[in-house]
Amino acid sequence: MTEYIRPLEQLSRNDEPNFGGKSANLGELLAADIPVPPGFAISTEAFRAFIHDAGLEKRIGSALSGVSAGDVDAIGRASRAISEAMRFAPIPAAVREQIGDYYGELGEDSPPVAVRSSAVGEDSQDATFAGQQETYLWVRGTEHVCDAIRDCWVSLYSPPAISYRARLRDREAQPAMGVTVQIMVDAEVSGVMFTCNPVSGDPSMVAINSSWGLGLAVVGGEVTPDDFLVSKVTREIVREHIHPKQVQYVPDPAGMGAIRVSIDGDRREARSLEPADLERLVDVARRIERYFGCHQDIEWALPRGETERVLVVQTRPVTAVPNKTEKPKPASAMSLIMSTFGAGPPKD
Amino acid sequence: MATTAPRAGAFPSPYEIETPPGCEGWEEMYPYYALFDERRREIDENRFWFWNSMHFPMPMPAFDVICIDSPYQAVGAWQNRVFAVPPAMGIDYRCVNGYIYISGNPVTDPAKIAERAEFFQQRAGYYFGNWTELYGKWRAKMEALIGELGELQVPDLPEYEPDEVAFGEDRNTAFYEVLDAYPRALRLGDLMWQHHFEFLLLGYGAYGTFVEFCKSQLPDIPDQHIAQMVAGIDVLLFRPDAELRRLARLAIATGVDEAFQQGRTPHEIDAELQNSDAGKSWLDELEKVKDPWFNMATGDGLYHYYRSWLDDPSIPYASLIGHISALNAGEQIDRPTEEIQRERDRLATEYGALLDAESRKSFDDLLNLSRTVFPYVEEHKFFCDYWFLTRWWNKIREFGALLARSGFLEDAEDVFQLSRYEVASALDELVLTWATGGLPLGPKHWPPIVARRKEILKKLGDWTPPPAIGVTPEAVTDPMTIMLWGVTTERVQEWARQQDGGSVLNGAAASPGVIEGVARVVRSVDQIGDVRDGEILVCGSTSPAWAPIFSKIKATVTDVGGVMSHAAIVAREYGLPAVVGTGRATAAIHTGQTIRVDGTEGTVTLL
């Protein structure tokens, strides 16, 4: 039987080809006892069934023929044509039914979930670049969850995604995508952290960006977040910049989706993380880094009213660490000292 | 301020700096060779000079100039003539409005550098290889020198020479003794400076290499952590306070602690202690500690006005009062050496574990060598800058007192307003008129000079020296300038920018690299079609929809966003310099303008 859906806690990194990197990593986090909101993953099989049952392969192929990476206009036209066709195609009944079942198990009364794309294969490594990180927040009800899942699939053919694949000369290959559906917390503070300083490459630091409300504002670059650099070795805050935070996203009081509201008064200038919060975040960052064995880029949230809980909503390998060639080549201590005095082997 | 306008992108010419009002004639306090002289203008004006505010933050009193000459003689002798540091000879200094500017003399001929490298590798290698033994000998040498300084007598000028001079053998008259003692005092100072610099370059070089290595591997590591990994546990410099803590405990144990009341002077405390046997024996114990541990300076510097604890015991007595009241309140005052040791080892282990195997080996070796050289780096200050120097200034004060007793100076302290040559001259006249019984001119000559100089120094103290003068160097390459003063190319460029003013935007350093180019200001996504190849994107922020243009541009600047914003991440993927969160880039920059984006420092310069 074709497997369309699996709960996050039953996923491991081996499931990445079928469920995408995001879902697989969340499964790994759960295995490592990192607190992650519960949820389930949609497989690439579900995406393929959707494309196949609606007979979309041909339309996609013809829309993309002859499109080149730099041609912004042509890419836009192709994207519009494919998206329209996909939006009017139905999700196969078997998939839809399973989505309803798993969603129902997440809680009563249509619990709010985040629906995110979970890219596979090569895309997974470079997904940050390609912008194929579609996210729908505070989605409620099976119908809306299904719509959001389809919208994620549609994002595979967004202009940047098409442009990105064209750049890789990979437009022949049929792309596929998993989707992650996860219970959503109403975050009081949220943000991103790296288990190294992504700018300098310093592996002894955890770099943390944070702002008020849901994570969208930080990830989308809509605010200049508070910026912290914390030593893994001593837990001290090595650098911090508290910035004015103009806007935040909060759940729409109407019940669905997130809205952007402005932040007023003292809260705008106030620091969004206290030293104790930073310590907890650093602890989580180190556990995740140790578990994965490489530097991680982690999205996290502190739930409203219980900010002492750190919830991790996503982790992935750090995609670009600064050029290591700037570092001096390892050499004997004495030759390094000699070169301090200009008496060593020539610096190159 | 009394500086002339700087030349574009450069620092003021040393020849165009004005004398602050009322300070006319300041040059007379300093040696002819210390001035920016017209006869070497062509060379001096085209050099880069920076203010040595680290060692000489205040305008120099005339006598204290000896603490410029001797150190630069000594450091140059070791650096240039003994170790032959390949690319750097010694350091020239000049005085402007009483402030000291310095400039290294580079070696530029590659053949000469190679020749010097052979000397350096052999000689420095010998020192590093035998460090602990050589440093042991050095300490013995310094203690002997300090002993010699103590034995140097500054003779008085008696009405009649004593009988020994008349009847004894090998006795000198006081005129000779004075004229002999003064240059001997100066020479002992020179000798101290010679010792001071014997190990300094190599010690700092080893430590500096470790610091640089740490920063290259761990760019954000706090300096404090590097120092903690290297710093000694049982260090001489901590002994004085350790002795005070011991004396505080002794005062409590023998019941004399009540004498140490907040607000009492050392003199009042001593007077009360004299009233009891227990108090007297505490004072005896204090006497044993004073030499050498009270040879600490009250300030950290090369000026005559930094005295020792022996001269001014208010600092150690204040510490005693603090320790005693802390102990009586049940607090722990001991330096937690075991904890410090544990933390030092923990930091070294944890930082080392973050490095790959090859780097780890260099890290461990450099750390071990740094720990070997560090006792000198820490202790030479106690021996030279504190112990010797405070006593040496006092020896000069004795000559001042001699001059003051005959009216040449109003106060012994005024001796420091005369240059060392002028003191020699005043002593000459003093012993001459003592011998002849004639009328000295000194009492009419020197006091007005002293008064005028005190006035000038006071006014010069209100003047703010520019951080650098002369030409802006393309790059700072002198290893000593970088190592000892931290004056790097970046620092100098920052100074130069500050002189320019206003045309620099600061943001977060989001993706490293420096690039210059033409700006393209894009305010919304529908304008991205306008971006041409090789332009620098200046925008409010970017989103994934902007992806197609990152293969065209060569840097990016945004108004908002942090180092993990989309623009920053994509810029790092593409290896493009990026500065994000500048706040006002789209307002301050217009399309077509040439700008420089420094994604390493987080600055955008409008050119």
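**Note on the predicted two-chain model**

1. With 5 C-beta neighbours inside 10 Å, Asp109(A) counts as exposed; a residue is exposed if 12 or fewer other C-beta atoms lie within 10 Å of its own, buried if 20 or more do, and partly exposed in between, with C-beta atoms placed from the backbone. Asp109(A) sits in the loop between α5 (93-105) and β3 (113-119) of chain A; helices (H or I, at least four residues) and strands (E, at least two) are DSSP runs numbered from the N terminus. Although Asp109(A) is not a glycine, its phi is positive, at about 65°.

2. On the basis of the note: this is a predicted model, in which local features need pLDDT of at least 70 and side-chain atom pairs count only at pLDDT 80 or more, while totals for chains, interfaces and linings use all residues. Residues are numbered from 1 along each chain as its sequence is written, and chains are lettered from A and ligands numbered from 1 in the order in which they are written.

3. Asp33(A) also has a positive phi, near 65°, in a residue other than glycine. Asp33(A) lies in the loop between α1 and β2 (39-42) of chain A and counts as exposed, with 9 C-beta neighbours inside 10 Å.

4. Chain A is assigned domain 1 (5-183) and domain 2 (187-319); the bounds come from an automatic or database domain assignment. The centres of these two domains of chain A, taken over C-alpha atoms, are 25 Å apart. In domain 1 of chain A, 19 residues are in contact with 21 residues of domain 2 of chain A, contact being C-beta atoms, placed from the backbone, within 7 Å. On the domain 1 side, α1 (16-31), α6 (122-130) and β4 (135-139) of chain A each give two or more residues, and α1(A) gives the largest share, 4 residues.

5. Chain B has 20 helices and 12 strands. Of its 607 residues, 40% are buried. Its C-alpha atoms fill a box of roughly 105 × 65 × 55 Å along the principal axes. Chain B is divided into domain 1 (14-126 + 460-485), domain 2 (130-218 + 374-438), domain 3 (236-340) and domain 4 (503-606). The C-alpha centres of domain 1 and domain 3 of chain B lie 40 Å apart.

6. The axes of helix α4 (residues 131-151) of chain B and α14(B) come within 11 Å and cross at roughly 10°. That makes α4(B) roughly parallel to α14(B), a label for angles under 35 degrees. Among the residues of α4(B) that meet α14(B) are Trp131(B), Met142(B) and Leu149(B); those of α14(B) include Phe383(B), Phe388(B) and Lys395(B).

7. The largest nonpolar core has 115 residues, and those with the most contacts inside it are Phe63(B), Tyr101(B), Phe210(B), Phe388(B) and Val415(B). Such a core is a set of buried Ala, Val, Leu, Ile, Met, Phe, Trp, Tyr and Cys residues joined through C-beta atoms within 7 Å. Its largest share, 19 residues, comes from α14(B).

8. Between the chains, 58 residues of chain B are in contact with 49 residues of chain A. Elements giving two or more residues to the chain B side include α3 (110-129), α14 (357-405) and α19 (566-574) of chain B.

9. One backbone point in chain B: the peptide bond from Asp291(B) to Pro292(B) is cis, with omega near 15°. Pro292(B) is placed in helix α11 (residues 277-293) of chain B.

Key:
Contact = placed C-beta atoms within 7 Å. Axes fitted to C-alpha atoms, helices over the stretch in contact; angles between N-to-C directions. Parallel < 35°, antiparallel > 145°, perpendicular 65-115°, else oblique.
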